[in-house]
Structures are given as C-alpha cells and as structure tokens.
Amino acid sequence: MHQTYRLDFLSECALDPERALLPDERAALAVAHEAFAAADAVVVRLGGKAGRLGESIVATGLLEGLFLALRAAGKAGIPIHLIVDAGVAELFDAHVYRQRLWPAIHVTTAAADQALDAAAMDLGQVRGEHVLVVDLHGAHDGPPRVHVETEGIDETAGATAGTEARHLTTLAHLARVGLREYAQRGPQRRYADFIEDLVGLPRGMLEGSQAQPHIGL
C-alpha cells in the first residue's frame, strides 16, 4: 500500500500561526502526527545540496528539536538512525551523541547526491514495525509531503518463512519549509515551532533555546 499527502500548506502556516487548516490539510497533517505517535524507530537524513556544510549544520536545529519531541512524547531512547553526507561525517560522531543525549543512535553516511529511498537508507538494518523517516536534506527540494508505505518483512528463512507488516512513513522535502520559511518565527522559536506543528505537539511544549543547531565535538 502506498499513499502520498501534500504538506505545501505548512509554508502558509509558517507565516501565519493562526491560519485555519482546510479539512484535507488537517487530514494530511494527521497522518504525520499519527506516524510520529506510533514510531518505534526513526531515520533522519541530513545533508546539503552539493554537500554544503552549512546546510547540514543548520539542520541540526531541527534534529535537536526532534530529540526534544521524542522525549516529550515518551519515546526517549528509541532507535534513531542518522544518515549524513559522507563529506561531513566527522562532525557527527555517534559516540558523542550517545554520551550527550541518545544512547540508541546510529550514524551512517551516504553520498550527498544519493536519493532518499529504501535502498539508499538500507532500511533492512532498521528494526521496527512503525518506522518514521524524516528528510531534512537540503538537496531534496520540492513540495513537502507525507508518503506512507506498508511492506512485508521476512521473519525466517526457508519455505515456511512468515511475514509481518512494517509501516514506513516518510516526511519528505522538509528542509526548505523547516529551515527557511519557519525562520519567520524568530531565532528562539523557528525550529521548535516547526517540529511541534509537524509531529502534533502542543504549541510551546518544546524549549526554543534547546532546539538550536548543535554540533558535538
């Protein structure tokens, strides 16, 4: 099963926090909210167009906001798979992240121009029945969207192998709206507000001073 929902309206929400959502917009955003609530594993893709360092660093503001959101939702410690551009890998030390705030984080690399798909992310290594993929890569431009896919996973090898459903929800093409358009909210709220709207947390729940770009060295 494959379904896709557009999230273009988030650009208008960035400019007007009081903008009323239309029924189809509310339904699309509810899909993202439900995927976050159900997630038992998270994949985050960071990077920049042509491997730009700055886009990778700025996007860590949304990554930090996502860490806060997972804690607020009672999901502290669930597996997080962070995929970064190969050219900036030295800035994303898994050991530092584990010591600082998230013991179950894994960091892998991909080519800056590599497409965001199951093959590129090697999702076979991601354990979970409800996997949430958050695409914050600066080169993945286009309308923000939610893509929902249900797939079968082999449980055992051999003729008697069974399968179980895995639900994969991708929140794609978020960099432009999350990093640029929500900048209208000001330096203290831009990243926190976007994550709250995206995953369905009450307004003001995330601490804006903590949801800021951060590189642990």
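A residue is called buried when its relative accessible area is under 20%. In this predicted model, helix 7 spans residues 190-199, and nine of its ten residues are buried, so the helix is largely enclosed by the rest of the structure. The buried residues are Arg190, Tyr191, Ala192, Asp193, Phe194, Ile195, Glu196, Leu198 and Val199.

Just after helix 7 comes Gly200, which has a positive phi of about 85°.

## Packing of helix 3 against helix 7

Two packed helices are described by the angle between their axes and the distance between the axes. Helix 3, formed by residues 53-72, packs with helix 7 at an angle of about 55°, and the two axes lie 9 Å apart. Angles from 65 to 115 degrees count as roughly perpendicular and those under 35 as roughly parallel; helix 3 and helix 7 are therefore oblique to each other. The crossing of helix 3 past helix 7 is right-handed.

On the side of helix 3, the contact involves Val58, Gly61, Leu62, Gly65, Leu66 and Ala69; on the side of helix 7, it involves Tyr191, Phe194, Ile195 and Val199. Sorted by class, eight residues of this contact are nonpolar, two are polar and none is charged.

## Strand 5 and its partner

Strand 5 covers residues 130-137 and is mostly covered itself, with seven of its eight residues buried. Strand 2, residues 41-47, runs parallel to strand 5 and is joined to it by seven bridges. In one of these pairings, Gly47 has His137 of strand 5 as its bridge partner.

Terms used. Residues are numbered from 1 along each chain as its sequence is written. This is a predicted model: local features need pLDDT of at least 70, side-chain atom pairs count only at pLDDT 80 or more; totals for chains, interfaces and linings use all residues. Side-chain values use heavy atoms; hydrogens and water are left out. Buried means under 20% relative accessible area, exposed over 50%, partly exposed in between (1.4 Å probe, protein chains only). Helices (H or I, at least four residues) and strands (E, at least two) are DSSP runs, numbered from the N terminus. Two strands pair if DSSP finds at least two bridges between them. Axes are lines fitted to C-alpha atoms, for helices over the stretch in contact, and angles run from 0 to 180 degrees between N-to-C directions. Angles under 35 degrees count as roughly parallel, over 145 as roughly antiparallel, 65 to 115 as roughly perpendicular and the rest as oblique. A crossing is left-handed if the near helix is turned anticlockwise from the far one by less than a right angle, and right-handed if clockwise. Contact means heavy atoms within 4.5 Å. Ala, Val, Leu, Ile, Met, Phe, Trp, Tyr, Cys and Pro count as nonpolar, Asp, Glu, Lys and Arg as charged, and the others, Gly among them, as polar.
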